[in-house]
Amino acid sequence: MSADAAMAASPAAVDVSAVEAKRGRIRTVLRRHPTVALGAALLGVMVVIAVFAPFLGTTDPQALAPARRVRPPSAQFWFGTDMLGRDVYSRVIYGTRVSLVVGLSVALLASAAGLLIGLFSGFLRVLDGVVMRIMDGLMSIPPILLAIALMALTRGSVQNVIIAITIAEIPRVSRLVRGVVLSLREQPYVEAAIAAGTTTPLIIWRHILPNTLAPLTVQATYIAASAMITEAILSFIGAGTPPTIPSWGNVMAEGRALWQVAPYIVFFPALFLSVTVLAVNLLGDGLRDALDPRLAKRI
Amino acid sequence: MVAYIARRVLATIPVMLVVAFFVFSLLYLAPGDPAAVIAGDQATAADVERIRASLGLDRPFLIRFGEWLWRVLQGDLGVSIFTNLPVSHMIAQRIEPTTALMLLTITLAILIAVPMGVLAAWKAGSWVDRAVMAFAVFGFSVPVFVTGYLLAYIFALELEWLPVQGYTPLAQGFWPFLENLILPALALGSIYIALIARITRAAMLEVLAQDYIRTARAKGLGTGGILFLHALKNAAVPISTVIGLGIALLIGGAVVTESVFAIPGLGRLTVDAILRRDYPVIQGVVLLFSFVYVLVNLAIDLLYTVFDPRIRY
């Protein structure tokens with residue numbers, strides 16, 4: 001739709017070649033980095049699993065059946081049953097939902113908040129000193145510990161887990177955005193815009209914001225990956241998602257006491273978590289190479 | 001130089017103040033009224049009010065923060081709600097296993113990761129390089145409890161080379177002490193190794209492209225000499241920075257590792273405190289860990305001049 005409108009507005013040939021070039025670039029990235037395709041495919045599978053969880057041969061993940069406790073994997077119970085007789089397969093499949101929701105929400109919320117704080121801090125020099133000292137302070141508390149401390153204040157719920165992990169991630173995003181803003185402000189085209197009398201909000205909207213999006217997107221993918229691990233850790237130590245909701249961390253926590261006799265209870269959620277985080281990280285590395293070639297060379 | 005050190009040390013004060021403020025707010029905002037708890041079920045509203053006044057809980061936030069800070073500076077972290085023991089005492093009891101685990105992890109990680117990164121940079125583009133980078137991606141993606149259970153399953157349950165879990169104090173002999181810590185340290189270290197290896201590779205790639213490396217090679221220096229004497233020394237600043245920053249990952253990971261391997265350290269103490277909502281203990285542990293983290297990074301900052309005499313302040 002927008003491509004059509006653009007074509008009508010400007011010489012068609014130019015736009016077609018631009019679109020072609022864009023497609024070509026995506027194809028080149030996929031060819032040069034096959035791991036990106038792998039990451040995207042794995043993540044796609046996980047999204048499908050999360051969306052269609054009820055239709056994937058699952059039963060009620062909370063259904064107790066004391067008669068069939070701690071059964072090893074079989075044709076009936078693919079991943080075995082846990083100490084309360086619940087079907088581990090169903091719990092792991094449903095757990096995909098929690099992980100993906102937490103990963104996506106934290107990435108979006110932390111990026112939005114970090115973007116706002118970073119922009120303000122980069123533009124209002126009065127605020128900068130104070131805000132950055134606060135961020136330095138929060139950054140010197142290890143993120144998992146910060147999330148644990150925040151979770152101690154509230155009841156365990158998916159929503160609270162998201163808020164706690166978001167707060168723990170905000171300082172890093174703010175620092176990143178602020179750094180980008182400070183370097184962009186020195187660019188000749190921004191100085192030219194200031195000299196031409198462009199208002200600050202318009203400069204931010206036209207020149208600053210578009211240039212922060214690439215590093216921010218890359219950062220957001222890594223945040224999603226680390227948020228999923230943090231959620232699992234919080235649930236694993238009993239300070240995260242409540243036990244009534246099956247999440248990978250919870251399933252592992254429940255399998256902990258039995259892991260020497262029934263390692264499969266811990267193994268399957270661990271496998272799903274690792275594969276999902278790996279998929280997001282591969283995607284993040286690919287995005288970094290595609291969107292930010294300079295950064296890609298440095299790391 | 002002295003002025004720089006002084007400035008750098010002073011700069012940590014506002015950072016620690018923010019940490020202290022956050023940690024104090026935690027207790028302030030914590031649900032539950034300590035006065036009501038102490039007064040018991042039979043107490044009247046007037047009793048609760050009297051106890052609150054006697055504890056000083058009715059005074060303004062900032063005054064209470066100041067007094068709390070003063071006590072913390074004197075080493076008084078308050079009293080555990082659950083055990084009624086001083087928090088500093090509880091921390092002292094648990095500090096040995098965590099310190100041992102962290103030190104072993106950092107040592108192992110540096111010994112493994114730095115040569116890995118150097119090798120990857122030297123053989124850039126080869127299969128060795130690709131294997132190291134692939135390992136780094138896995139190290140970032142596989143969470144610490146997964147590595148922990150996997151290592152314990154293979155090396156303790158199946159091969160029976162090392163104990164499954166537990167901790168033996170150093171006082172009972174060095175080998176029993178070390179034996180129990182090897183698997184936890186490797187599990188905890190995997191993400192740290194990935195991080196250091198990746199940065200070492202990147203920093204080495206940059207240094208190896210410099211003219212003085214070509215000069216060293218031209219005057220007939222051996223590869224080992226070039227890599228470890230000339231190049232690594234010049235790549236030391238970013239590597240040591242990441243070693244310092246990565247300690248935050250280790251602190252978070254220690255909480256989990258100690259749970260997986262049943263090590264009675266500060267991580268276990270934190271988990272127990274969370275489950276019991278023992279706020280003074282949570283406060284104490286967060287404060288201590290953050291303090292150590294800030295101090296280590298301060299020390300590394302000051303070490304830059306040792307690694308690179310070109311840096312002058």
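Trainee: Which residues touch the most other members of the largest nonpolar core?
Mentor: A:Ala147, A:Ile148 and B:Ile196 do, in a core of 158 residues. Such a core is a set of buried Ala, Val, Leu, Ile, Met, Phe, Trp, Tyr and Cys residues joined through C-beta atoms within 7 Å. Which element gives the most to this core? That is α8(B), with 19 residues.

Trainee: Before we go on, what should I keep in mind about the model?
Mentor: This is a predicted model, where local features need pLDDT of at least 70 and side-chain atom pairs count only at pLDDT 80 or more, while totals for chains, interfaces and linings use all residues. Residues are numbered from 1 along each chain as its sequence is written, and chains are lettered from A and ligands numbered from 1 in the order in which they are written.

Trainee: Back to A:Ala147, then. What is A:Ala147 in contact with, leaving aside neighbours within four places in sequence?
Mentor: A:Ala164, A:Ile165, A:Ala168, A:Thr230 and A:Leu234. Contact here says that the C-beta atoms of two residues, placed from the backbone, lie within 7 Å.

Trainee: And how many residues of helix α6 of chain A are buried?
Mentor: 10 of its 11 residues, so helix α6 (residues 143-153) of chain A is mostly covered. Among the buried ones in α6(A) are A:Pro143, A:Ile144, A:Ala147, A:Ile148 and A:Met151. A residue is buried if 20 or more other C-beta atoms lie within 10 Å of its own, exposed if 12 or fewer, and partly exposed in between, with C-beta atoms placed from the backbone.

Trainee: Zooming out, how many helices and strands does chain A have?
Mentor: Chain A comes to 12 helices and 0 strands. Helices (H or I, at least four residues) and strands (E, at least two) are DSSP runs, numbered from the N terminus. Of the 299 residues of chain A, 43% count as buried. Of the contacts in chain A with a separation of 6 or more, 69% are between residues 24 or more positions apart.

Trainee: Let's do a helix pair. At what angle do α4 and α11 of chain A pack?
Mentor: At about 30°, with their axes 10 Å apart; the helices cover residues 88-123 and residues 264-291. Axes are lines fitted to C-alpha atoms, for helices over the stretch in contact, and angles run from 0 to 180 degrees between N-to-C directions. α4(A) and α11(A) are therefore roughly parallel to each other. Angles under 35 degrees count as roughly parallel, over 145 as roughly antiparallel, 65 to 115 as roughly perpendicular and the rest as oblique.

Trainee: Who makes that contact?
Mentor: From α4(A), the residues include A:Val92, A:Gly95 and A:Ser99, and from α11(A) they include A:Phe268, A:Phe272 and A:Leu273. By class, the contact of α4(A) with α11(A) has 8 nonpolar, 5 polar and no charged residues. Ala, Val, Leu, Ile, Met, Phe, Trp, Tyr, Cys and Pro count as nonpolar, Asp, Glu, Lys and Arg as charged, and the others, Gly among them, as polar.

Trainee: Now chain B. How many helices there?
Mentor: Chain B has 14 helices and 0 strands. Its C-alpha atoms fill a box of roughly 85 × 55 × 35 Å along the principal axes. Buried residues make up 37% of the 313 residues in chain B.

Trainee: How do α5(B) and α14(B) pack?
Mentor: At an angle of about 60°, with their axes 10 Å apart. That makes α5(B) oblique to α14(B). B:Val87, B:Met90 and B:Ile91 in α5(B) meet residues of α14(B) including B:Pro280 and B:Leu288.

Trainee: Last one: how many residues does each chain give to the contact between chains?
Mentor: Chain B gives 39 residues and chain A gives 36 residues. The side of chain B that touches chain A has 32 nonpolar, 5 polar and 2 charged residues.
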